[in-house]
Amino acid sequence: MTVVALCLVAVVTLVGLVWLWPTERATLPGGSTLAAEGIEVVPGRVTALAPCADSAPDAGVQHACEVATVEVLEGADAGASVPVELIGVSARSGITVGDRLQVAAVPGAAGEPTYSLITVDRMGVIVVFGALFVVAVLAVAGWKGLRGLVGLVISGWVLFAFVIPALAAGEAAVPVALVGSTAIMFVVLYVAHGVSMRTSSAFVGTLLSLVATTALGAAGVWAARLSGISTDETITLANLLGDLDFPDILTCSLVIAGLGVLNDVTITQASAVWEIRAAGPHLTRRELFASGMRIGRDHIASTIYTIVFAYAGAALSLLLVLSLYDQPLHLLLSTEQFAEEIIRTLGSGIGLVLSVPLTTAVAALTVRGAQDAVQPARAR
């Protein structure tokens with residue numbers, strides 16, 4: 001029965017991927033601003049730094065200003081040294097001589113280009129940390145770690161090739177979240193942990209918890225009257241693609257944010273039930289469930305802190321800003337930004353808590369029965 005159900009879920013997921021897969025990639029209205037204005041982005045290297053002529057030494061972040069002399073490394077002006085103004089946050093980001101930047105060459109009225117900062121080139125640091133992460137995973141987890149990394153790469157591809165383009169194309173966010181998350185679960189669980197009934201019970205538990213999380217998240221977003229437009233990024237997105245359903249996108253973010261922790265809890269619960277069965281072949285399924293739940297309660301007690309502090313860390317700047325306002329706590333908690341994080345945290349937390357009994361029950365029903373476990377022992 002479990003195998004049939006999994007095959008049905010796989011078929012529905014494939015149909016959903018085909019149905020919702022974006023045929024065209026969403027673009028900015030009128031095309032890319034950089035391309036439309038003929039702006040060329042090129043790499044450069046900082047060779048000197050000096051304060052702006054009218055910059056005060058004690059200027060705040062918004063008014064900070066430096067001029068970087070940048071050697072252009074590619075493009076028509078390769079080898080030339082050009083001035084690039086670093087304004088505001090860029091002037092306080094710690095840029096030093098030798099750093100690599102990405103700068104934009106903007107054609108001037110007289111034909112001479114002027115250069116502005118696009119971003120600091122951080123790919124070197126990202127690559128180093130990525131390599132350290134891979135080495136640490138392989139050194140500690142071995143082949144299982146390698147399979148986990150493969151699952152991570154494929155899951156990332158699903159996220160960036162399907163989920164994000166589908167949302168940008170205006171597809172319904174909740175179906176996209178469920179289909180994309182289910183596809184990711186298939187990849188992560190079976191690639192990392194192998195094809196087995198143990199993995200399948202974890203998959204079923206995760207799927208049931210994901211559906212519950214989606215329903216709770218959608219209800220919370222609706223009941224709290226959340227618009228889904230509360231940050232600079234979402235305001236920009238609303239200006240560019242205003243026809244998107246932002247409350248649904250907020251629900252989608254809640255589902256995807258809780259996916260990783262759900263996978264962790266469900267595979268742990270399924271493994272616990274299998275290990276309990278191996279240690280106690282005489283236990284009934286009711287006793288297996290009770291033993292698994294004792295482990296699960298400890299897991300819940302520790303994992304809920306993971307979710308709360310993960311969201312608190314992500315929203316730390318928001319918390320700092322809100323702490324400066326001299327307003328009653330209930331007013332601060334009711335603001336769009338704060339309420340969003342609370343609903344997201346509690347919605348994921350409820351799904352996480354429900355995943356423990358759901359997965360434990362599925363594992364207790366699918367693991368071999370007491371009779372089957374005792375028979376090999378008697379045969380020996």
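1. Let me start with the second largest pocket, whose volume is about 250 Å³. A pocket here is an open set of points on a 1 Å grid over the protein atoms alone, where a 1.4 Å probe fits, with protein on both sides within 12 Å along at least five of seven lines. Grid points are joined across faces, edges and corners, and the volume is the space filled by probe spheres set on the points. Please keep in mind that this is a predicted model: local features need pLDDT of at least 70, side-chain atom pairs count only at pLDDT 80 or more, and totals for chains, interfaces and linings use all residues. Residues are numbered from 1 along each chain as its sequence is written, and side-chain values use heavy atoms, with hydrogens and water left out.

2. Which residues lie nearest the centre of the second largest pocket? They are Gly148, Leu149, Leu152, Val188 and Ala192, out of 17 lining residues, a lining residue being one with an atom within 4 Å of a point. Helices H3 (123-168), H4 (173-193) and H7 (246-279) each supply at least two residues of this lining, and H3 gives the most, with 10 residues. Helices (H or I, at least four residues) and strands (E, at least two) are DSSP runs, numbered from the N terminus.

3. On to the cysteines. The count comes to one disulfide, taken as a pair of cysteine sulfur atoms within 2.5 Å. Cys52 is joined to Cys65, with an S to S distance of 1.8 Å. Cys52 sits in the loop between strand S1 (40-51) and strand S2 (65-72) while Cys65 is in S2, so the bond ties together parts 13 residues apart in sequence. The S-S torsion of Cys52 and Cys65 is about -60 degrees, which means the disulfide is left-handed.

4. Are Cys52 and Cys65 buried or exposed? Cys52 is buried, at 7% relative accessible area, and Cys65 is buried too, at 15%. Buried means under 20% relative accessible area, exposed over 50%, and partly exposed in between (1.4 Å probe, protein chains only). Cys252 is buried at 2%, whereas Cys7 is partly exposed at 46%.

5. Finally, a look at Leu332, which lies in helix H10 (residues 329-334). Leu332 is buried, with a relative accessible area of 13%. Its C-alpha atom is separated by 9.8 Å from that of Leu319, 13 residues apart along the chain.
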